[in-house]
Amino acid sequence: AARAAAAAPPAPPAYSPPREVLPGQEPVLSQTPDGRWVDRSLPPPFALKDLRKAIPKHCFKKDTKRSFAYLFRDVAIVVGLAWGALWANHWAVWTAYAFVQGTMFWALFCVGHDCGHQSFSPSKRINDVVGNIVHSAILVPYHPWRISHRKHHSNHGHVENDESWHPLSKSIYDGLDGQAQIGRFKFPIPLFAYPIYLIKGVPGKEGSHFDPNNKRLFQEGEKRDVIESTVCFFGAVGAIAACVAKFGLATVAKVYFAPYLCYILWLDAVTYLHHHGADDDERLPWYRGDEWDYLRGGLTTLDRDYGIFNHIHHDIGTHILHHLFHGMPHYNLVEATEAVKPVFGDYYREPPPCPGPYVTGPKGRRYSLGLPFHLWKPLVKSFKEDHWVPDQGDGPLFYQAGGEEVGAPRAEAR
């Protein structure tokens with residue numbers, strides 16, 4: 001449950017000393033399981049070192065063999081699914097195949113994601129070779145993505161400097177034409193926007209991931225990496241074109257392009273949900289200037305329960321701790337998150353559990369067999385309401401809705 005700060009029950013002030021807030025920027029309090037109302041936009045009473053101290057040391061250890069085991073599992077499933085669909089060759093099978101294989105493409109992205117964070121292996125060479133191969137296979141330029149994703153992690157929660165699904169300032173929002181508004185906010189169109197982001201960027205953060213001279217993203221010493229991954233990317237495009245020439249467009253569309261669209265849907269939906277749409281209507285804070293710091297920014301992220309997909313996509317839903325300690329291997333994130341919950345205290349947003357049955361696995365861990373339909377509501381609601389933040393103020397700042405139908409002509413143009 002959540003309510004506006006002004007509507008909190010009589011009690012000591014939820015934040016002290018009182019803060020001056022802009023109109024529409026009042027924090028929304030969240031209710032803890034024991035009935036207290038808390039304001040998580042306040043600076044936390046713990047430091048990053050306190051969290052690190054609470055995490056078992058083995059959680060930071062990178063196991064190359066274990067990482068390759070996950071990769072080989074994913075590749076085996078991808079090959080098996082493609083072979084089975086080609087053998088059955090029935091429209092119903094192809095329909096199911098597109099979603100299931102797209103989910104596995106997303107799992108492969110998560111492997112490359114670990115490589116980009118250098119958590120796949122202690123060896124940088126292994127990380128970068130595997131990352132280039134895996135990401136190129138699903139049409140992601142590994143090094144350019146790695147660099148822009150590093151910028152996202154280094155500036156998470158910062159209005160201007162964050163890179164992934166960052167908020168638009170009011171002035172940028174007001175400057176969007178109807179087409180740009182639809183592309184950014186009209187659900188579900190933004191969930192297919194990732195290739196466009198790679199090619200040309202987004203409003204306020206223009207520039208291509210394929211341009212080694214893109215100074216907004218890349219430093220001078222990173223040009224070689226950008227060119228290397230671009231060559232790998234277009235090598236994969238050439239391989240796909242060769243398959244079209246040999247097997248026909250219809251076959252390649254069924255085997256590759258339909259799953260690719262489902263994978264893009266996964267990628268955009270998951271990355272968006274990790275930074276938007278708190279389930280109890282709490283307003284997630286954003287910061288700039290002196291109000292921002294690495295810990296506060298990281299605490300604006302959300303953990304999610306994706307049910308049966310948690311293990312398939314390598315526990316990417318344990319996102320808060322990943323943002324704070326991005327070099328930690330994915331297979332240790334769940335254990336580490338449980339270890340730091342006492343330190344997080346009220347600052348940890350427990351994700352609503354995915355509805356459905358569970359099975360108990362090793363070490364007593366519960367594995368959900370449910371489907372994450374419960375995430376549909378916060379996803380749709382956020383696209384309707386989270387449009388812009390004020391141009392002024394260091395924060396905490398909160399999203400506001402545009403005030404008129406997305407894509408509608410501006411008043412001055414009517």
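## Cysteines

The sulfur of C59 lies 19 Å from the closest cysteine sulfur, that of C110, which is too far for a bond. A disulfide is taken here as a pair of cysteine sulfur atoms within 2.5 Å, and by this rule the count is zero. C243 is likewise in no disulfide, and the nearest cysteine sulfur, in C232, is 17 Å away.

C59 is buried at 0% relative accessibility, whereas C243 is partly exposed, with a relative accessible area of 33%. Buried stands for under 20% relative accessible area, exposed for over 50%, and partly exposed for values in between, with a 1.4 Å probe and protein chains only.

## Basis of the values

The model is predicted: local features need pLDDT of at least 70, side-chain atom pairs count only at pLDDT 80 or more, and totals for chains, interfaces and linings use all residues. Residues are numbered from 1 along each chain as its sequence is written, and side-chain values use heavy atoms, with hydrogens and water left out.

## Helix α3 against α2

Helices are DSSP runs of H or I with at least four residues, strands are runs of E with at least two, and both are numbered from the N terminus. Helix α2 covers residues 64-88, and the axes of α2 and α3 come within 10 Å and cross at roughly 165 degrees. Axes are lines fitted to C-alpha atoms, for helices over the stretch in contact, and angles run from 0 to 180 degrees between N-to-C directions. The two helices α2 and α3 are therefore roughly antiparallel. Angles under 35 degrees count as roughly parallel, over 145 as roughly antiparallel, 65 to 115 as roughly perpendicular, and the rest as oblique.

The crossing of α2 and α3 is left-handed. A crossing has this hand if the near helix is turned anticlockwise from the far one by less than a right angle, and is right-handed if clockwise. On the α2 side the contact is made by L71, D74, V75, I77, V78, L81, A82, A85, L86 and A88, and on the α3 side by V93, W94, Y97, V100, Q101, M104, F105, A107, L108 and V111. Contact means heavy atoms within 4.5 Å. By class, this contact of α2 with α3 has 18 nonpolar, one polar and one charged residues. Ala, Val, Leu, Ile, Met, Phe, Trp, Tyr, Cys and Pro count as nonpolar, Asp, Glu, Lys and Arg as charged, and the others, Gly among them, as polar.

Helix α10 spans residues 249-273, and its axis comes within 7 Å of that of α3, with a crossing angle of roughly 55 degrees. That makes α3 oblique to α10. The crossing of α3 and α10 is right-handed. From α3, the residues W94, Y97, A98, F99, Q101, G102, T103, F105, W106 and F109 meet K254, V255, Y256, A258, P259, Y260, C262, Y263, W266, L267 and V270 of α10. The contact of α3 with α10 divides into 17 nonpolar, three polar and one charged residues.

The axes of α3 and helix α5 (residues 142-154) come within 10 Å and cross at roughly 65 degrees, and α3 and α5 are therefore roughly perpendicular. The crossing of α3 and α5 is right-handed. F109, G112, H113, C115 and G116 of α3 and Y142, W145, R146 and H149 of α5 make the contact. The contact of α3 with α5 has four nonpolar, four polar and one charged residues.

## Backbone geometry in loops

The peptide bond from F187 to P188 is cis, with omega near 5 degrees. P188 sits in the loop between α7 (178-185) and α8 (194-200).

Q118 is not a glycine but has a positive phi of about 60 degrees; Q118 belongs to the loop between α3 (91-116) and α4 (124-137). D315, also not a glycine, has a positive phi of about 55 degrees. D315 lies in the loop between α12 (309-312) and α13 (319-324) and is buried, with a relative accessible area of 6%.

## Two buried loop residues

N332 is in the loop between α13 and α14 (333-344) and is buried at a relative accessible area of 6%. Not counting residues up to four places away in sequence, N332 touches H58, C59, K61 and R66.

G277 is in the loop between α10 and α11 (294-298) and is buried, with a relative accessible area of 12%. With residues up to four places away in sequence left out, G277 touches L284, L302, R304, P378, S382 and D386. The C-alpha atoms of G277 and H58 are separated by 33 Å, and the two residues are 219 residues apart along the chain.
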